[in-house]
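Keep the sequence and the 3D view open while reading.

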Amino acid sequence: MKRDVMYNKSASSDHEHYLSMVLAYDNRIDAILPMSDRFFDSCISFIPEGPISILELGSGTGYATSKICAANPQALITCIDHSPDMIRCASQKPELNAVAIIEQDIRDPWPATKYDVIMTTLCLHHIPEKDRLVLLKRIYEALSPNGKFICGDIIRPDSLEVEAIYQDRWVSWMSQAGMTTEESDKMIHSRNENFPDMETVPGFYNKIKDAGFPRVLMPYKNEIAAVFVGYRS
Ligand SMILES: C[S@@+](CC[C@H](N)C(=O)[O-])C[C@H]1O[C@@H](n2cnc3c(N)ncnc32)[C@H](O)[C@@H]1O
C-alpha cells in the first residue's frame with residue numbers, strides 16, 4: 001500500500017493509544033541502544049542547514065525525524081515507513097506537522113524527485129541482505145549531485161566469539177538501564193534473528209562504495225551500531 005497519511009489527531013482514544021506507544025518506543029531507545037545520544041547526534045550532525053529536501057527511510061515513530069526538525073527547521077522532510085502503527089505514532093507529534101509521511105515499503109518506488117539528504121536509522125538491518133545493494137543504488141540515484149546518504153544502523157562483528165562478548169555486554173547495558181530479563185531476552189532473540197542480514201563494518205562500507213558513493217565516512221561506531229555517511233560527489 002502507498003498513501004500519504006493525514007490522521008485526525010483529535011480522535012481522543014486513538015490519540016491516547018498512539019501517544020502511549022510513542023512513549024513506550026521513544027523512552028526505551030536509550031535503554032536498548034547503548035549511547036544512543038552519540039549515535040543520533042552523529043547522524044544529525046551531517047544534516048546541512050537551509051531549505052534542503054530530506055527523505056527519511058523507515059522513520060518509525062519519528063524519533064530521528066524530530067531531531068532533524070530541531071536541527072534544521074527549514075528542511076522539507078518526507079518520511080517513508082510501512083507500519084501504519086508507527087506512522088500513527090509519528091503523526092501524534094506536533095513538531096512533525098509539516099512532515100509528509102508515506103506509508104509504503106521502502107523497496108517500492110519513492111516520489112520521483114531528488115533529495116539533498118537521504119537518512120535512515122535502525123532500519124536497514126530489517127531489509128534482507130540480498131535487497132540492500134539495490135536499495136543503496138536507488139539512494140545514490142535519488143540524491144542531488146552534492147547529496148549525502150546518512151545511515152545509522154545495527155552492525156555485527158565477523159566472528160561469533162566476538163558477538164558473544166558484545167551480547168553479554170549489551171545485556172548488562174540493558175539491565176543497568178532498567179530493562180527486565182524478559183525484555184532483554186527478547187532483544188537478544190530479535191538480534192539473533194536479524195543476525196544473518198546484518199552488515200559488518202567492512203561489508204557495509206564496501207556496499208555503499210559499490211552503490212557509487214566515492215567517499216564514505218564512518219564517523220561513529222560502538223560495539224553493535226555504527227553511522228555511515230556516503231557523499232554523492
Ligand atoms: C527500529 S525502527 C527505527 C525507527 C526510526 N528510524 C528510529 O530510529 O527510531 C525500524 C522502522 O523501520 C520500519 N521498516 C522496516 N522495514 C521496512 C520496510 N521494508 N519498508 C518500510 N519501513 C520499514 C519499521 O516499520 C520501523 O518503523
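## T200 and its contacts

T200 touches I155, R156, P157 and D158, leaving out residues up to four places away in sequence. The model is predicted. T200 sits in the loop between α8 (181–194) and α9.

Now compare sequence and space. T200 and A225 are 25 residues apart along the chain. Their C-alpha atoms are separated by 9.9 Å.

## α6 against α9

Helix α9 spans residues 201–210. How do the axes of α6 and α9 cross? They come within 8 Å and cross at roughly 45°. That angle makes α6 oblique to α9. The crossing is right-handed.

On the α6 side, the residues are R132, L133 and L136. They meet K207, I208 and D210 in α9. By class, this contact has three nonpolar residues, three charged and no polar.

## α3 against α4

Helix α4 covers residues 63–71. The axes of α3 and α4 come within 10 Å and cross at roughly 50°. α3 is therefore oblique to α4. This crossing, too, is described by its hand: α3 passes α4 in a right-handed crossing.

Which residues make the contact? From α3 come F40, C43 and I44. From α4 come A64, K67, I68 and A71. The classes are six nonpolar, one charged and no polar.

## C69 within α4

C69 is found in helix α4. C69 is buried, because 20 other C-beta atoms lie within 10 Å, and the cut-off for burial is 20 or more. Leaving aside neighbours within four places in sequence, C69 is in contact with E95 and L96.

C69 and V201 are 132 residues apart in sequence. In space, they are 29 Å apart, C-alpha to C-alpha.

## α7 against α8

Helix α7 runs over residues 160–176. The axes of α7 and α8 come within 10 Å and cross at roughly 145°. α7 passes α8 in a right-handed crossing.

Q167, V171, M174 and S175 of α7 make the contact with S184, M187 and I188 of α8. How do these residues divide by class? Four are nonpolar, three are polar and none is charged.

## D81 in strand β3

D81 is found in strand β3, residues 76–81. D81 is buried, because 25 other C-beta atoms lie within 10 Å, against a cut-off of 20 or more. D81 touches G58, S59, G60, M86, I87 and E103, not counting residues up to four places away in sequence.

## The ligand shell

Which residues come nearest to the ligand? Of the 17 residues around the ligand, these are G58, G60, H82, S83 and T121. G58 and G60 are also among the residues that D81 touches.

By class, the shell has seven nonpolar, seven polar and three charged residues.

## Two positive phi angles

Most residues other than glycine have a negative phi. M35 has a positive phi of about 55° although it is not a glycine. M35 lies in the loop between α2 (29–32) and α3 (36–44). M35 is partly exposed, because 15 other C-beta atoms lie within 10 Å, between the limits of 12 and 20.

L122 also has a positive phi of about 55°. L122 is not a glycine either. Where is L122 placed? L122 is in the loop between β5 (115–121) and α6 (129–142). L122 is buried, with 21 other C-beta atoms within 10 Å.

Conventions. Residues numbered from 1 in each chain as written. Predicted model: local features only at pLDDT ≥ 70, side-chain atom pairs only at ≥ 80, totals over all residues. Near = placed C-beta within 6 Å. Nonpolar A, V, L, I, M, F, W, Y, C, P; charged D, E, K, R; others polar. Helix = DSSP H or I, 4+ residues; strand = E, 2+ residues; numbered from the N terminus. Axes fitted to C-alpha atoms, helices over the stretch in contact; angles between N-to-C directions. Parallel < 35°, antiparallel > 145°, perpendicular 65-115°, else oblique. Left-handed = near helix turned anticlockwise from the far one by under 90°. Contact = placed C-beta atoms within 7 Å.
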